[in-house]
Amino acid sequence: MSQFVLEIGFEELPSRFLPGLERELAERFARALDDDGVEHESIRVLTTPRRAAVLIEGINPVQREAEEVVPGPPVRVAFDAEGKPTKAAEGFARTQGVDMADIFTLSTDKGEYIAVRKRTGGANAADLIATACPAVVAALPFPKRMRWGSGDFTFGRPLRWLLALFDDAVVPFEVGGVVSGGVTWGHRIHGAGPLVVKSADDYLNVVIEKGGVTPDPAERRAMILAGGNAAAEAAGGRILWKESLLDEVQGLAEHPVPLLGDIDPSFLELPREVLLTSMESHQKSFGVEGPDGVLLPHFLTVLNLTPLDVALVKKGWERVLRARLEDGRFFWKTDLAASFDAWLAELDNVIFLGPLGSMGDKTRRLEKLCAWLAKAAGVADESACARAGRLSKADLVSEMVGEFDTLQGIMGGIYARRMGEPETVAAALAEQYLPAGPDSPVPATLAGALLSIADKADTMAGCFGLGMIPTGAADPYALRRCALGIARIVLEHGLRIDVRELFRTALALYGERAWKLAPAEALVKLEEFFMARLKNHFMAAGHETLLVEAALAADTPEGAGIDVRAAGARLAALSDFSRRDDFGSAVLTFKRAANIIRKQGQEGGAVLDGAYSHALLAEDAEKALAARLEEVAPRFDALWAADDFASLFGLLGELRPAVDAFFDGVMVMCDDAAVRTNRLNLLKALTLRLGRLADFGALQM
């Protein structure tokens, strides 16, 4: 079996490009080899900032062979009355590159046809790979592409070399003006090259031993972790590893060397968040903390070389970081000399969204909306929630957030504590932007949860009023994330909040404005948008689509609004109910009742309100169903008030025998109009309760 290696050399790619590049190369080469019938055992892709290597092992040097039967025209068309080949037969043979002697008759269900057997495959795998390589390389996608020189070829960064070897032979091709060969280049300091690679099997040894490069991302990551942990342990601490930063730094180095640096202990007066942000954002370095969880005066950085003078390099890094920390200390002291009142005044000069006023306007709306939410959720300290709403955006005009925008909210919480605000307010300010994504945690405190909901609802209401509704992939104001955040917070905190009333209140707090959509229309679209996001959230959590649709389409009592918490509990109970052995038959029973009522409602005629007369109940089965409904009704209402949806679905088991007997022994659509209407109202009384649990008509069995 043979081996192949392709190395694409380029100017330094951003580290965020590398995972996608690895994935695309593996998938595209696997697809190309499969399409060409080139058998192979494995494909491995390794990347560094300056190279991407594809290593394919266990290659069959000869393309897979196969025999194919190619049918031609019908026999009656291929031969004349005397049995001689017609022009149709001769043309078919010529097209297939065979003689008439190779033609045979193929019997099919549609009749007899002439045909020919053709063998495919058998080509050299190296030749097929040579053809595939330029197509794969040229088609690689990047978040951003660039041109260089006078050509039109584009790539993530300028190409510098191509190494392509099939065993010990160069695979010839050209991409973007660069011709493949058997030469690679190593680390710029520790083995620049050029370095000749004699065979595909020798590639890794040359790059590692002579080039001074660690091509495997996983190995670079392990080296950083091991070296960093050892250095921190020697200093009496541990590294505060941040996964996203670790991914980035391993993608910035071909020759990673962890280095522990020191910072002046006086900088430890700065908040932990400021110190870590200065290290991580600007210097791509990690913080170090002691056994007590307090930051130590050290940082860990990752070099891309082994320095001759470690002390000199260490001093240089410390000097650069010190300058960043000096800036942070200046911002910190300047902000502590300011006040929330001064910042709130400045917010009136900061635009939120053009037609929606200033950030100052937004905080005044949030103050009122947070108070409304606190009352709706039964929170005792409404004043603290309102205060959090008013102060929520104040830190946006602070010096620290002006420099480190990722600290918005976090610094607001820190400053609130330093300036004597209640802890409830400070915690809410720090958590207001959570959750930041589907995997991000929701606010831990109730005040933080309410402030986050208010902030998101205010933004959504304003944008929908202006007609700024997400379409397709376009969502510039992250309204989908806002809707998902509200849903997650309500569900995880178990809040009983009417989301419909939340949006109505949020929109009303904007006052009279020249909206693009009338408030009533905006609210309808906003509700539809939110329910679509809620549906997606439940499906992403693993619930079946039909169950989600049935639970969300339940007929809640008039005036109940949108209770997300109840919808989640109802769906969970329905999912449990669906795992029962009798679920399918139960659904068919209750679906039959729902469909009859739905059909009669569409066709008009009798008034169906669930009020039936005992005097018109003639059959034993309908009398029994009425009695069962009246017996179950008080328990149903009590369980509904207690949100005990699991027990409510359990009641369906008690009702079902009476419903089945009703359908078996009673003709609903009888000739007597009064009796027919009474029986329909009996079913309506049943569906009025069933429909509050789920839309059984939406379930398919």
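## Two crossing helices

Helices α12 and α15 are oblique to each other, a class left for angles that are not under 35 degrees (roughly parallel), over 145 (roughly antiparallel) or 65 to 115 (roughly perpendicular). The axes of α12 (residues 382-391) and α15 (residues 423-431) cross at roughly 45 degrees and come within 9 Å. Axes here are lines fitted to C-alpha atoms, for helices over the stretch in contact, with angles from 0 to 180 degrees between N-to-C directions. The crossing of α12 past α15 is right-handed, meaning that the near helix is turned clockwise from the far one by less than a right angle. On the α12 side the contact is made by A384, R387, A388 and L391, and on the α15 side by T424, V425, A428 and L429; contact means heavy atoms within 4.5 Å.

## Basis of the model

This is a predicted model, in which local features need pLDDT of at least 70 and side-chain atom pairs count only at pLDDT 80 or more, while totals for chains, interfaces and linings use all residues. Residues are numbered from 1 along each chain as its sequence is written, and side-chain values use heavy atoms, with hydrogens and water left out.

Helices (H or I, at least four residues) and strands (E, at least two) are DSSP runs numbered from the N terminus.

## An open sheet and its helices

Four strands in the order β13-β15-β16-β14 form an open sheet with antiparallel pairing; two strands pair if DSSP finds at least two bridges between them. The edges are β13 (238-239) and β14 (257-262), each with a single partner strand, so one side of each has no neighbour in the sheet. Six antiparallel bridges connect β14 with β16 (residues 295-303). In this part of the sheet, P258 stands opposite V302 of β16.

Helix α8 (residues 272-283) packs on the sheet and touches β15 (286-289) and β16, with a direction about 10 degrees from that of β16. Helix α9 (residues 310-336) also packs on the sheet, touching β14 and β16, and its direction makes about 60 degrees with that of β14.

## Salt bridges

The whole structure has 44 salt bridges, each a side-chain nitrogen of Lys or Arg within 4 Å of a carboxyl oxygen of Asp or Glu. One of them joins E24 and R28, at 2.8 Å from N to O. Both residues lie in helix α1 (residues 18-36), four residues apart, about one turn of the helix. E24 is buried, at 18% relative accessible area; buried means under 20%, exposed over 50%, and partly exposed in between, with a 1.4 Å probe and protein chains only.

R221 and D247 form another salt bridge, with their closest N and O atoms 2.4 Å apart. R221 belongs to helix α6 (residues 217-234) and D247 to helix α7 (residues 243-250), so the pair ties together parts 26 residues apart in sequence. D247 is partly exposed at 39%. A network of salt bridges links D264, E269, R322, E326 and R329.

Most residues other than glycine have a negative phi, and most peptide bonds are trans. The bond joining G193 and P194 is cis, with omega about 15 degrees, and P194 is in the loop between β11 (183-184) and β12 (195-196). L434 and P435 are also joined by a cis peptide bond, with omega about -5 degrees.

D167, although not a glycine, has a positive phi of about 55 degrees. A478 is not a glycine and has a positive phi of about 50 degrees. D167 is partly exposed at 29% relative accessibility, whereas A478 is buried at 19%.
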